[in-house]
Amino acid sequence: RSRYAADLLIRSPEKVAFLGEPNGLVPRSREALTATMRAAAGRRDSGADAISAVRGIRRTEMLRIVLADLVGELDVLDVGAALTDLTAAALVVSLEAATAEVERREGAALGGDLLVVGMGSLGGAEMGYASDADVMFVHRPHDAADEAGVQARATLVVQELRKLLTAGAAEPPLPLDADLRPEGKNGPLVRSLDSFRTYYERWALTWEFQALLRATPVAGPSGLADEFLGLVDPLRWPEGGLDEQQVREIRLLKARVESERLPRGADPSTHIKLGRGGLTDVEWTVQLLQLQHARARPSLRVTGTLPALAALEAEELIAPADAAALREAWFLGVRLRNAGLLWRGRAVDSVPVDLRDADGMGRIIGRPAGDGAGLLELWRRVARRARQAASFNFYDSPPRGSVVP
C-alpha cells in the first residue's frame, strides 16, 4: 500500500527485526530517542558524521511509526506526537553536534546559549509525514561575552545545522523552515533574546503574535527556554484580547492567503490545506479566538489545534456543532495528507481525482477498496460544513458559536 514505507524498508531491510519484538511498533519516547541519538553521535569524530548518525536513527524510527500507522496501531494524534518527539530529539542532538563542530572549527567557544523554538505543527505537536520543522533560533550571550561574536558564531551553528540535516540522499532530510522569525526571510537567521524583545515591542505585526501561539522550545537550555516563554506569553495571550484593527488585519491576511497562496490551477474545493474548509480554515479560526480570549480563559493557552478547539467548546466560545465540523475537517485533512505521502512517496496537497490514487489513499485511512470516487465526495461534504463553521466564527467571532445545519 505504501511507496514511502517500501522506500524506507529498502534503505535498511535489516530493520524488519523490530517487527518481532513485543513492543516493536510502539514509538519510543523523546527521552529514549535523545539518549540513543546522543550515544551514536558521541562515537563520531565530526559534526557531519554525528548528524548523519542521528538521521540514520531517525529513518529507523520513521519506519517504526509508518508501519504502526499502516497496521492501525496509531491514530492520527499518536502519529503527530510520535513525529514531533522524533523531530525534537533529532534537533537536540544535532544542535549539540553542530555547536561542537563550529567551536572546533572556529577555535572558540560559542560564548552563549542557543535555543531552537518549534513553531507551526512542530510547536503544536501535530506534525505530519510531509511537515517541515518550522523553527526560530534564539541566543543569549554569557556574561562578559562579546554579543557580536556570539551572534556570528550562533549564525554559523544554525547554518551548519540546516545544511547537515538536509545534505546528501542517503537519509531522509529534515528541512528547517525559519520563515516565521521576525522580519521573515529578510530578518537575521538567529537573534539574541534582547533583540527578540525589542522587535516584538516596537515593530511586530499582528500575524507574528498569531504565529507565537504555537511556539514551544524544543532544543537548548531550559533556562533560556523559560525566559523566551516569559517574553512571548503576554504577546500571544494579550491583555484585553485584540482590538478591532488587529482583528481586521488577521481577516484581511487570511483573505490574501486564500487568493495568493493557493497554487495556480488548484481546485479550492479539493485543496486540503488552503482550500475552502481545509486545514487553514480550521487553524486560523481557532487561533483568532485564542488571541481574543486566552488571557481571560487560561484553558485556551495551549499550542495544539485540537486541544485549543476542545477548550473553546468547553468555554462555550464556539458551539458544539461548529466545533464538531471543524474537528472532523482537521482530522480528515491531516489523515489525507499523511496518506498521500505514504501512498505516493511524496507530498499530496489535494484530494486526487485519479481513482487509483484516491483508492490507495482511501484504503490507508481505512475506507473500503474500490471507493476512490467516494473519497472526493467525503472531503467535499466535510469541508463544506467546516467552511460554514469557519466563516461564521472567524468573521463574526461571537461569544457563542452558531449551530451548523
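Predicted model: local features only at pLDDT ≥ 70, side-chain atom pairs only at ≥ 80, totals over all residues.

Trainee: Which residues lie nearest the centre of the second largest pocket?

Mentor: Those are Tyr4, Arg58, Tyr129, Pro172 and Pro173, out of 25 residues that line the second largest pocket. The elements giving two or more residues to that lining are α1 (3–11), α3 (47–70) and α4 (76–106).

Trainee: Which element has the largest share of that lining?

Mentor: The largest share comes from α1, with 4 residues. By class, the lining of the second largest pocket divides into 15 nonpolar, 4 polar and 6 charged residues.

Trainee: And how much space lies in the largest pocket?

Mentor: About 1400 Å³. There are 39 lining residues in the largest pocket, and the closest to its centre are Asp134, Leu180, Arg261, Lys273 and Glu283.

Trainee: Which elements supply at least two residues each there?

Mentor: For the largest pocket they are α5 (120–123), α8 (206–211), α10 (244–260), α11 (279–293) and α13 (320–344). The largest share, 5 residues, comes from α11.

Trainee: How many charged residues does the lining of the largest pocket have?

Mentor: It has 14 charged residues, together with 15 nonpolar and 10 polar ones.

Trainee: What lines the largest cavity?

Mentor: Its lining consists of Arg214, Val286, Gln287, Gln290, Thr303, Gly304, Thr305 and Ala308.

Trainee: A change of topic: where is Arg181 found?

Mentor: Arg181 sits in the loop between β3 (176–177) and β4 (190–192).

Trainee: Is Arg181 buried or exposed?

Mentor: Arg181 is buried, yet it has no salt bridge.

Trainee: Why does Asp179 not count as a salt-bridge partner for Arg181?

Mentor: Asp179 is the nearest side chain of opposite charge, but it is 4.1 Å away, and a salt bridge has to be within 4 Å.

Trainee: What lies 3.1 Å from a polar atom of the Arg181 side chain?

Mentor: That is the backbone oxygen of Gly187.

Conventions. Residues numbered from 1 in each chain as written. Heavy atoms only, no water. 1 Å grid on protein atoms, 1.4 Å probe; cavity = no way out; pocket = protein on both sides within 12 Å on 5 of 7 lines; lining within 4 Å. Points joined across faces, edges and corners; volume = space filled by probe spheres on them. Nonpolar A, V, L, I, M, F, W, Y, C, P; charged D, E, K, R; others polar. Buried < 20%, exposed > 50% of the residue type's maximum accessible area, 1.4 Å probe, protein only. Lys, Arg positive; Asp, Glu negative; His and termini not counted. Polar contact = N/O pair within 3.5 Å; in protein donor to acceptor, adjacent residues only side chain to side chain.
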